[in-house]
Amino acid sequence: MNVNTEFLEYMYQNIEMGVFSLTKLLSSINDTENKIKKLISEELKEYEKYYKEVKKLIKKTKVEAKNNNLLAKVSATVGIKMDMLKDNSDSSIARMLTQGLTMGVVDITSKLDNYNDSLDKSILKLGKQYKKFQQEEIERLKELQSQ
């Protein structure tokens with residue numbers, strides 16, 4: 001597998017899991033008065049935008065990206081539900097999202113460092129934009145954690 005294919009598959013699965021998890025999280029907090037709902041909805045829209053972009057690149061490069069497996073999705077769903085049962089405050093949800101985004105930033109930074117010189121420019125650009133988006137979301141969430 002070439003580096004472009006490998007990186008696009010990584011991006012596709014990462015972004016798909018983000019869309020899935022944020023959708024589950026929003027459905028878990030629909031009946032509460034959390035102020036973070038608006039932020040999560042905005043974040044989900046951005047994830048969906050990146051999802052469309054990565055799908056375009058996949059189609060263009062004729063990569064066959066695989067969806068995340070069922071076990072990963074079940075695990076994410078259970079984790080979200082358990083965290084929400086423990087504490088569904090805005091600061092707790094912000095902390096949970098920050099942890100996920102931080103892992104994502106660390107992971108994509110490593111991938112970008114490894115593939116930087118080998119990736120097609122459009123794929124590299126999307127990867128860097130996605131990383132920047134995740135970093136900006138972490139900063140937005142930090143504000144909620146301190147409230």
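Lys 132 forms a salt bridge with Glu 136, and their closest N and O atoms are 3.6 Å apart. A salt bridge here is a side-chain nitrogen of Lys or Arg within 4 Å of a carboxyl oxygen of Asp or Glu. Before I go on, this is a predicted model, in which local features need pLDDT of at least 70 and side-chain atom pairs count only at pLDDT 80 or more, while totals for chains, interfaces and linings use all residues. Residues are numbered from 1 along each chain as its sequence is written, and side-chain values use heavy atoms, with hydrogens and water left out.

Back to the pair. Lys 132 and Glu 136 both sit in helix H5, four residues apart, which is about one turn of the helix. Helices are DSSP runs of H or I, at least four residues long, numbered from the N terminus. Glu 136 is partly exposed, because its relative accessible area is 41%. The cut-offs are these: buried is under 20% relative accessible area, exposed is over 50%, and partly exposed is in between, with a 1.4 Å probe and protein chains only.

Helix H5 also holds Arg 140 and Glu 137, three residues apart, again about one turn. Their side chains meet in a salt bridge at 3.0 Å, N to O. Are these two residues buried or exposed, or in between? Arg 140 has 30% relative accessibility, so it counts as partly exposed. Glu 137 has 4%, so it counts as buried. Both belong to a network of salt bridges that links Lys 38, Glu 42, Glu 137 and Arg 140.

Lys 49 counts as partly exposed at 42% relative accessibility, and Glu 46 counts as partly exposed at 27%. How many salt bridges does a search of the whole structure find? It finds seven.

Next, helix H3, residues 70-86. H3 has 17 residues and reaches 24 Å from its first C-alpha to its last, close to the 24 Å expected at 1.5 Å a residue. That expected span is 1.5 Å times one less than the number of residues. The buried residues in H3 are Lys 73, Ala 76, Thr 77, Ile 80 and Met 84. Seen down the axis of H3, they fall within an arc of 100°, so they line one face of the helix. The arc is taken from the directions from the helix axis to the C-beta atoms. On the face turned away from the buried side are the exposed residues Leu 71, Leu 85 and Lys 86.

What do the buried residues of H3 pack against? They pack against H1 and helix H4, residues 90-115. Ser 21, in helix H1 (residues 3-29), touches Ala 76 and Ile 80, leaving out residues up to four places away in sequence. Contact means heavy atoms within 4.5 Å. Ser 21 counts as buried because its relative accessibility is 19%.

Last, the core. The largest nonpolar core has 41 residues, and Phe 7, Met 11, Ile 36, Ile 40 and Ile 93 have the most contacts inside it. H1, H2, H3, H4 and H5 each supply at least two of its residues, and the largest share, eleven residues, comes from H1. A nonpolar core is a set of buried Ala, Val, Leu, Ile, Met, Phe, Trp, Tyr and Cys residues joined through side-chain atoms within 4.5 Å.
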